[in-house]
Amino acid sequence: RRLSWTSSQCPHENRQKPQEAVQKRTFTKWINSHLAKHIPPLEVKDLFDDIKDGVMLLALLEILSGQKLPCEQGKKLKRIHWVANIGTALKFLEGRKSAYRGSPIRLVNINSTDIVDGRPSIVLGLVWTIILYFQIEELTSSLPELQAFSSSNSSLDSSTSSTDTTSPPVKRRPLALQGGARKALLRWVQQTATKCLGLDVKDFGPSWRTGLAFFAVINALRPNLVDMERVWRRPNRENLQEAFLLAETELGIPQLLDPEDVDVDKPDEKSVMTYVAQFLKHHPDRKQSDLGGKPEEAVTREQRKSQRELKMWLDQLEKEAVDAQETQGNLAQQYQVSVFKSLQVQLEMKRKQVEGALQSTQRDGMLTVDQALVKQAWERVSNRLLDWHLRLDRSLPAPLGTVGEWLHEAEGALRQEITVQQAHDITASTVHRALEQHKAIKAQVQPSICMCSVKYLNVDDVDALAVHSCWLIHCE
């Protein structure tokens, strides 16, 4: 009997293993698409092992929520620290509420020790809960065409979690939608993409095997990208491969699925849902609805989430700047080692995003709390890098140190905005004073620049040449 029971169970376990393998690949890619935003970028290579210490899990939750979470870090973390980190993550998740039901998330049969032990089913269940909460429910609950549907209760099809939610600071009535996020996502696919083409999509499994449903979604969002007649009778693998590549290159949607994982009798529904939900970000009606709303709700959940992520990024950049300044090194290293240079470039690359995030969406022209926090973080890290740059310049040997200080003064003058007054003579006077200030600074700097050229261009000393190279970089 014992042998008979074991052999009868093996086929069932073997059938589950391919499903777990697909979920592991899909969920890992989904996690990495978000951890790429971390500073420095993080990458999960083996989901069951890399999640054990809780460090990457907490980093993921910080990116998704825009909130800072306490985390035990270090190369010599022990199991007790791992359990503490996982406990922090689970407690954070349980403290959030569902947009669909309004009740807290229930992490059924998920505990810290199972995650630390790397139990596949538990780890996958936890990640699925996070995907449901932060992606699928977050995006489906804001679709305008779904707001009309309501019922008394909703439930998510999840073996390990009940439901998920959206941004915590905003109090709003939960969206009661029969069937929860799964049915909302399926209804969106049917209403916007497949019904008009005569495709019968009734699940997130076999209905997607041919690849036509993926093309239908892409076609609904970008009609000129897909020739539906051409793809109608092609092999499944060919369709799937082209659809995933097209979505990535044209819509920026990561290829979370592999064609061979979908071209099977029963594709994994959770993996397909994870991938399909990404298309919601490109839904035109959703984008238009995000721009409307009441004055106090003018900044949408997605915008608030983006602003929190931006603030967290700026805070991390400032922390790296503080840590880097404490690192000792010679002058050439401090100037050229590109911790400073890299941080400065990274900050500049975010300038347009920050400027966009600080555009007021309220009728009174005031910034929201999240926007104000982003502005403060931007100014704080900008000033820190500016002060660091000034200290580096002052430490240069004469006359480079003096020239560097003068240049900072000139750059500060150039950054000053001139406010146009109603009285034009006042504005003209202000402009004139600014021009005279610039001329005076230029006159002071010019002799020192000539001295620098004479002193440093005709020497064999390697350190002097390195200093001069740093000066040229600064001038650029």
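So, contacts along the chain: taking those between residues at least 6 apart in sequence, 71% join residues at least 24 apart. Keep in mind that this is a predicted model. The secondary structure comes to 21 helices and 0 strands. Of the 476 residues in the protein chain, 44% are buried. The accessible surface comes to about 25500 Å², and carbon and sulfur atoms account for 52% of that.

You'll find S65 in helix α3, which covers residues 55-65. Is S65 buried or exposed? Its relative accessibility is 3%, so S65 counts as buried. And what does S65 touch, once we skip residues up to four places away in sequence? That would be F92, R96, F134 and R308. There's a polar contact here too: a polar atom of the S65 side chain lies 3.1 Å from the backbone nitrogen of Q67. For a sense of how the chain comes back on itself, look at S306: S65 and S306 are 241 residues apart along the chain, and their C-alpha atoms are separated by 9.2 Å.

Next up, the aromatics. How many aromatic pairs does the count come to? It comes to 8. Take W208 and F214: the ring centres are 4.8 Å apart and the planes sit at 55°, so this pair is tilted. Then F214 also pairs with Y275, with centres 5.7 Å apart and planes at 65°, so that one is edge-to-face. If you're wondering why one is called tilted and the other edge-to-face, the cut-off is 60 degrees: planes over that count as edge-to-face.

On burial, W208 has a relative accessible area of 0%, and F214 has a relative accessibility of 1%. Y275 is buried as well, like F214. Stepping back, ring pairs link F204, W208, F214, F244, Y275 and F279 into a cluster.

While we're on rings, have a look at W313. The charged end of K350 sits over the W313 ring, 4.9 Å from its centre.

Now a residue in helix α10, residues 236-251: that's N239. N239 is buried, with a relative accessible area of 1%. What does the N239 side chain reach? It reaches the backbone oxygen of V231, at 3.0 Å. V231 also shows up in the contacts of N239: leaving aside neighbours within four places in sequence, the list is T210, G211, L212, F215, V231 and R234.

Side chains of opposite charge can pair when their charged atoms come close. How many salt bridges does the count come to here? It comes to 22. I'll walk through three of them.

R230 is in helix α9 (residues 228-231) and E242 is in helix α10, 12 residues apart. Both ends are partly exposed, R230 at 42% relative accessibility and E242 at 26%.

Another is D46 with K24, a salt bridge at 3.5 Å, N to O. D46 lies in the loop between α1 (2-35) and α2 (47-50), and K24 is in helix α1, so the pair ties together parts that are 22 residues apart in sequence. D46 is partly exposed, with a relative accessible area of 26%, and K24 is partly exposed too, at 23%.

Then there's D117 and R79, where the closest N and O atoms are 3.1 Å apart. D117 sits in the loop between α5 (112-116) and α6 (120-140), R79 is in helix α4 (residues 79-94), and they are 38 residues apart. D117 counts as partly exposed at 43% relative accessibility, and R79 is partly exposed, also at 43%.

Notes. Residues are numbered from 1 along each chain as its sequence is written. This is a predicted model: local features need pLDDT of at least 70, side-chain atom pairs count only at pLDDT 80 or more; totals for chains, interfaces and linings use all residues. Side-chain values use heavy atoms; hydrogens and water are left out. Helices (H or I, at least four residues) and strands (E, at least two) are DSSP runs, numbered from the N terminus. Buried means under 20% relative accessible area, exposed over 50%, partly exposed in between (1.4 Å probe, protein chains only). Contact means heavy atoms within 4.5 Å. Accessible areas come from the Shrake-Rupley method with a 1.4 Å probe; for residues, only the protein chains shown count as cover. A polar contact is a pair of N or O atoms within 3.5 Å; within protein, one must be able to donate a hydrogen and the other to accept it, and residues adjacent in sequence count only if both atoms are side-chain atoms. Rings of Phe, Tyr and Trp (its six-membered ring) pair if their centres lie within 6.5 Å; planes under 30 degrees apart count as stacked, over 60 as edge-to-face and the rest as tilted. A charge sits over a ring if NZ of Lys or CZ of Arg is within 6 Å of the ring centre and within 35 degrees of the ring normal. A salt bridge is a side-chain nitrogen of Lys or Arg within 4 Å of a carboxyl oxygen of Asp or Glu.
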